[in-house]
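Reader: I would like to learn how to read a structure like this one. Could you take me through some features, giving the general idea and then the case here?

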Amino acid sequence: MTSQKSFKNNFGFAYRTGLKSNIAVALIQFFIGALAFIYVPAKALFKKVAADSASGKIESYNVKNDYSFYLTDNMQYLRYLLIAAFLILGIIMGIVTFKFMTGKKTMNVYYSLGIKRTHLFTAKYLSGLTLMAVAIFLPILADVIMNTVKLGMSSKLLFSALFYFLGLFSLSALSYSLTAMVFSAVGTVFEGAVFSGIIVSMPAIILYCVQSFIIRLVPGTPFGVVFSLSGYSGSEESIFNKLPWCTPFTYLSKGLYQNMYANAKGKIAGYETGKLVDWTTPDFRSILLWFGITVVLFFCAMIVYKKRKAEIGGFIGKNNVLNFLCTFTIGFYGFVLAYSFSSTYIGKWPSLAISCLIFAVIYFVLDIIFIRNLKLFAKGLYKLPIHLAAALLIFTFFATGYFGAASKTPKIEKISNIKITSGYTSYSDDAESDSSYYGLNNFSFSGCFYPSGEFESAADKQKILDIHNALAKCGLLTV
């Protein structure tokens, strides 16, 4: 039962109940943040003694000799776990906050308060957002205080800490807002959780699928090329490296790595090479972009909730659009995985047939799970040919080199220079000659020459274009 006092401030009542019901998720988020931003830096900042690197003797330790700020460590490995954890916690917070939409009893209670739908949604939304902000802010604030006590205040410390707070908060706020929108459109907790996870992964899935098809189907692709010799291999042109801002899993990757600490001279580890470089102000543009997407998701969720039919609560399969979108996304992902794997061992057409079969199996499984009604499943089988037709159209786009665009070469007078690269230029560009690499740095293999660099003369450009066109006709440019 609700008291008469609750009815005087319906917005405040909905907000307070949201805070109470969501506190457990916020505590988990705080605990993870405390491990990364209190426990890890405290071990270094308050260390009393350390072994001398030369003599091995135990001596008193002064952290100022090594660091100008120290927010956290091991982000070269743990950043991916941190990103995944905060995205997942945003989804869980969204589930806990908005699961009331899927229950008729809870919906009736809130609607009996006389509060407008938009006010109810906003109050519940802000309660979860507040808890996540506090859970992320407090450990980072404690981290800044510890750094100030041991190393002093600096702009480097403040900007790096601000990057960590806004970045991690943007992750959770994004997945939280997306979950709010999904729950506003579906009738069950199961659908809300599964659809939210699929949609938040969709940008990364799309990029992976694009790169896989480019590598295997488009002649002369630079993406994902792997060179190998004597055990050396490297993939330096991944589409994820080129477009990190495009997915929630990658837009913080570089910043989390570069802003974990700086040495006593203010140097940080360079993202590309790992060598020491000067600290620079973190790039907040990707964070602002995803905050903007989060705001759009919030307003979309509010509109969807306002138009939501209350009677769908508790019933599965009531949103055909999300069912179609998520089924196709996972099916197409399986299609691409199957083709990428099988095309390595068998021809294009057998691989394509296997991929279509995998797609169909995924469709059957997911559609039955999402609908849970055999009659409706059978009635909706017409969607499978549509899914397959869309997948094959995308396949055709890449298999034909973007409908022939990839096979075209510009006129020679429009080319200022041509650059040739090989698998060994990463060593020759920035490393000194080292015999342990068997001459990779200076191309000293006897009887071999690996051309690299830029070519500008008309004769060189024409010769390279002729070679390129000859290889393209033979199909030898496909990696």
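Author: We can start with burial. Met-132 is buried, because its relative accessible area is 0% and buried means under 20%. This is a predicted model, so every value here is computed from predicted positions.

Reader: Where does Met-132 lie, and with which residues is it in contact?

Author: Met-132 is part of helix α5, which covers residues 117–151. Leaving aside neighbours within four places in sequence, Met-132 is in contact with Gln-29, Gly-90, Met-93, Phe-169, Ser-172, Ala-173 and Tyr-176. Leu-27 is 105 residues from Met-132 along the chain, and the two C-alpha atoms are separated by 9.1 Å.

Reader: What share of contacts in the protein join residues at least 24 apart?

Author: Counting contacts between residues at least 6 apart in sequence, 76% join residues at least 24 apart.

Reader: How many helices and strands are there, and what share of the residues is buried?

Author: The protein has 16 helices and ten strands. Of its 479 residues, 44% are buried.

Reader: How should I read a polar side chain that is buried?

Author: Ser-351 is in helix α12, residues 348–371, and is buried at a relative accessible area of 0%. A polar atom of the Ser-351 side chain lies 2.8 Å from the backbone oxygen of Gly-347. Beyond residues up to four places away in sequence, Ser-351 touches Tyr-339, Ser-342, Ser-343 and Ile-346.

Reader: Which backbone oxygen does the side chain of Thr-250 reach?

Author: The side chain of Thr-250 reaches the backbone oxygen of Pro-244, at 2.5 Å. Thr-250 sits in a loop, between α8 (239–242) and α9 (253–258). With a relative accessible area of 16%, Thr-250 counts as buried, because the cut-off is under 20%. Not counting residues up to four places away in sequence, Thr-250 touches Phe-240, Leu-243 and Pro-244.

Reader: Where is Arg-372, and is it buried or exposed?

Author: Arg-372 lies in the loop between α12 and α13. Arg-372 is exposed, at a relative accessible area of 54%. Its phi is near 55°, again a positive value in a residue other than glycine.

Reader: How do I read a contact between parts of the chain that are separated in sequence?

Author: Ile-412 is in the loop between α14 (383–399) and β9 (418–420), and is partly exposed at 23% relative accessible area. Gln-462 is 50 residues from Ile-412 along the chain, with 6.9 Å between the C-alpha atoms. Leaving aside neighbours within four places in sequence, Ile-412 is in contact with Ala-458, Lys-461, Gln-462 and Leu-465.

Reader: Where is Ala-458, and how many residues separate it from Ile-412 in sequence?

Author: Ala-458 belongs to helix α16, residues 458–474. Ala-458 and Ile-412 are 46 residues apart in sequence, and their C-alpha atoms are 7.7 Å apart. Ala-458 is exposed, with a relative accessible area of 55%.

Reader: Last, how do I read a pocket? Which residues line the second largest pocket?

Author: Take the volume, then the lining. The second largest pocket holds about 250 Å³ of space. Its lining consists of Ile-316, Gly-317, Lys-318, Asn-320, Asn-323, Ile-371, Leu-376, Lys-379, Gly-380, Tyr-382 and Lys-383. The elements that give two or more residues to this lining are α11 (320–342) and α13 (374–379).

Reader: How do the lining residues of the second largest pocket divide by type?

Author: In the lining of the second largest pocket, four residues are nonpolar, four polar and three charged.

Note on methods:
Residues are numbered from 1 along each chain as its sequence is written. This is a predicted model: local features need pLDDT of at least 70, side-chain atom pairs count only at pLDDT 80 or more; totals for chains, interfaces and linings use all residues. Side-chain values use heavy atoms; hydrogens and water are left out. On a 1 Å grid over the protein atoms alone, a cavity is a set of points where a 1.4 Å probe fits but cannot get out, and a pocket is an open set with protein on both sides within 12 Å along at least five of seven lines; lining residues have an atom within 4 Å of a point. Grid points are joined across faces, edges and corners, and a volume is the space filled by probe spheres set on the points. Helices (H or I, at least four residues) and strands (E, at least two) are DSSP runs, numbered from the N terminus. Ala, Val, Leu, Ile, Met, Phe, Trp, Tyr, Cys and Pro count as nonpolar, Asp, Glu, Lys and Arg as charged, and the others, Gly among them, as polar. Buried means under 20% relative accessible area, exposed over 50%, partly exposed in between (1.4 Å probe, protein chains only). Contact means heavy atoms within 4.5 Å. A polar contact is a pair of N or O atoms within 3.5 Å; within protein, one must be able to donate a hydrogen and the other to accept it, and residues adjacent in sequence count only if both atoms are side-chain atoms.
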